[in-house]
Amino acid sequence: MKNLQDPHKTPQTPPRQCPFCDVPENRIVASNHIAFAMRDAFPVSAGHTLIIPFRHIRTWFEASADEQRAIMDLAEKAKRDLDREHQPSGYNIGINVGPDAGQTVMHLHLHLIPRYPGDVDDPTGGVRYVIPSRGNYQRKGHIAQARDARKYDPRRHDA
């Protein structure tokens, strides 16, 4: 296994159990000087790829501008490779930031998820389905619900 901590960055001590800090080289499908790409171990579709910075940071908002740019450049390369290998008809791109947003590995990673015709009954709303009842904004009666969502503040106890 190769230790993927970037030697050009200030070292940070990652948690001992971080699955992205010690990835076998044979799992890496692409890389640049700041990040690497690997297939997701629990893919939601064929080709589901993760783009991960070498430096152990928790979220997108902790990444430097150079790291963010390198991650997006690598996502573009991975997309071209996936287009060649799998010919998907679309993509979802996402980053979970914090446990309340679904982040389970506390090392920044971008999901590049190829989409295919018929992989779900109705893809309308795409990433909006992170909150299922708010996903399909085109559904009849949903406009009123969307207005209510804009007013929603979880800190209020009278809501």
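Here is a short tour of the model, stop by stop, with what to select at each one.

**Before you click**

You have a predicted model open: local features need pLDDT of at least 70, side-chain atom pairs count only at pLDDT 80 or more, and totals for chains, interfaces and linings use all residues. Residues are numbered from 1 along each chain as its sequence is written, and side-chain values use heavy atoms, with hydrogens and water left out.

**Stop 1: the whole chain**

Switch to cartoon. The protein chain has two helices and five strands, in the order β-β-β-α-β-β-α from the N terminus. (Helices, H or I of at least four residues, and strands, E of at least two, are DSSP runs numbered from the N terminus.)

Now colour by burial. Of the 159 residues, 35% are buried; buried means under 20% relative accessible area, exposed over 50%, and partly exposed in between (1.4 Å probe, protein chains only). The chain exposes about 10400 Å², with 53% supplied by carbon and sulfur atoms; areas come from the Shrake-Rupley method with a 1.4 Å probe, and for residues only the protein chains shown count as cover.

**Stop 2: the largest nonpolar core**

Select Ile51, Ile71, Leu74, Leu108 and Leu110, the residues with the most contacts inside the largest nonpolar core, which has 15 residues. Such a core is a set of buried Ala, Val, Leu, Ile, Met, Phe, Trp, Tyr and Cys residues joined through side-chain atoms within 4.5 Å. β2, α1 (65-86) and β5 each put in at least two residues, and α1 gives the largest share, five residues.

Zoom in on Ile51: among the residues it touches, leaving out those up to four places away in sequence, are Phe36, Ala78 and His109. Contact here means heavy atoms within 4.5 Å.

**Stop 3: another core, and Phe36**

Apart from that core lies another one, of ten residues, including Val23, Phe36, Met38 and Phe54. Centre on Phe36, in strand β2. Phe36 counts as buried because its relative accessibility is 0%.

**Stop 4: the largest pocket**

Select Asp40, His48, Asn96, His111 and Ile113, which lie nearest the centre of the largest pocket among its 33 lining residues. The volume is about 710 Å³. β2 (35-39), β4 (90-94) and β5 (110-115) each supply at least two lining residues.

How was it found? On a 1 Å grid over the protein atoms alone, a pocket is an open set of points where a 1.4 Å probe fits, with protein on both sides within 12 Å along at least five of seven lines; lining residues have an atom within 4 Å of a point. Points are joined across faces, edges and corners, and the volume is the space filled by probe spheres set on them.

**Stop 5: two loop residues**

Go to Gln87, in the loop between α1 and β4. Gln87 has a positive phi of about 50° although it is not a glycine. Its relative accessibility is 54%, so Gln87 counts as exposed.

Finish at Gly102, in the loop between β4 and β5. Gly102 is partly exposed because its relative accessibility is 39%. Show Val130 too: it sits 28 residues from Gly102 in sequence and 9.0 Å away in space, C-alpha to C-alpha.
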